[in-house]
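Student: I have a structure open and would like to go through one part of it. Could you guide me?

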Amino acid sequence: MILTDHFTCILMILLCAEMVMGTCKSDRKLECSLLGDLLEMAMKHKSPDKVCQCGRRTNIPAFSAMLTNSLTPGNGKAIKFDKVVTNILNGYNPTTGIFTALVPGVYHFSYTVTTDIGKYLVVYLTLNNTKQHSTWLLGPKHETGTTSIILNIKKGDQVAVKSADNNFSIFSNSNMYSTFYGYLISQ
């Protein structure tokens with residue numbers, strides 16, 4: 001019964017959000033404010049196990065990092081995404097380009113890379129130095145590739161995005177076209 005009540009509450013919040021989005025088109029600031037209030041209410045709602053979700057946000061490992069300059073990392077070397085936007089629990093190290101899990105669980109990881117004009121690029125995501133997924137790009141202009149993966153990770157496992165050749169260059173500049181992020185989905 002508690003589980004049903006929880007889902008009913010979530011559905012009601014989503015319905016209210018749709019009503020807010022549909023009625024406040026002329027006032028974007030009001031729309032965002034009302035939607036923010038609805039999301040805040042959803043975060044304060046207790047889960048079926050009666051644990052408030054609000055306090056957990058700062059304990060959920062998550063990181064987001066961007067590359068601010070073009071980089072040629074070398075064959076098998078991690079891409080060092082140097083501008084850290086979010087790093088809850090400090091699992092991502094911008095000096096090494098490696099995320100180290102402090103909390104075991106199921107994680108979502110994603111990266112976006114951009115090629116130099118007319119060059120090809122192959123990068124791959126690793127879990128403990130084992131290739132999990134690759135991206136291959138080639139085109140007459142800057143090409144961008146994005147991939148996402150869900151991994152079951154143990155405490156201490158390491159995830160990185162690596163270059164597959166000494167000559168591959170990842171393009172980026174102050175617009176930060178190349179990014180890497182990850183977060184815990186479930187324990």
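Predicted model: local features only at pLDDT ≥ 70, side-chain atom pairs only at ≥ 80, totals over all residues.

Student: Where is V161 found?

Tutor: V161 lies in strand β9, residues 158–163. Strands (E, at least two residues) are DSSP runs, numbered from the N terminus.

Student: Is V161 buried or exposed?

Tutor: V161 is buried, with a relative accessible area of 0%. Buried means under 20% relative accessible area, exposed over 50%, and partly exposed in between (1.4 Å probe, protein chains only).

Student: And why is β9 largely enclosed?

Tutor: Of the 6 residues of β9, 5 are buried, so the strand is largely enclosed by the rest of the structure.

Student: What does V161 contact, leaving aside neighbours within four places in sequence?

Tutor: Its contacts (heavy atoms within 4.5 Å) include K77, A78, Y111, L125 and F180. A78 is 83 residues away from V161 in sequence, yet their C-alpha atoms are 5.6 Å apart in space.

Student: New topic: which strands form the open sheet?

Tutor: The order is β3-β4-β9-β6-β7, 5 strands with antiparallel pairing. β3 (92–93) and β7 (130–137) stand at the edges, each with a single partner strand, so one side of each has no neighbour in the sheet. Two strands pair if DSSP finds at least two bridges between them.

Student: How many bridges join β4 to β9?

Tutor: There are 3 bridges between β4 (residues 98–100) and β9; F99 has V159 as its bridge partner, and T100 has Q158.

Student: Which residues touch the most other members of the largest nonpolar core?

Tutor: They are F109, L125 and F180, in a core of 28 residues. β6 supplies the largest share, 5 residues. A nonpolar core is a set of buried Ala, Val, Leu, Ile, Met, Phe, Trp, Tyr and Cys residues joined through side-chain atoms within 4.5 Å.

Student: What else does L125 contact, again leaving aside neighbours within four places?

Tutor: Among its contacts are F109, I149, L151, V159 and F180, and V161 is also one of them.

Terms used
Residues numbered from 1 in each chain as written. Heavy atoms only, no water. Helix = DSSP H or I, 4+ residues; strand = E, 2+ residues; numbered from the N terminus.
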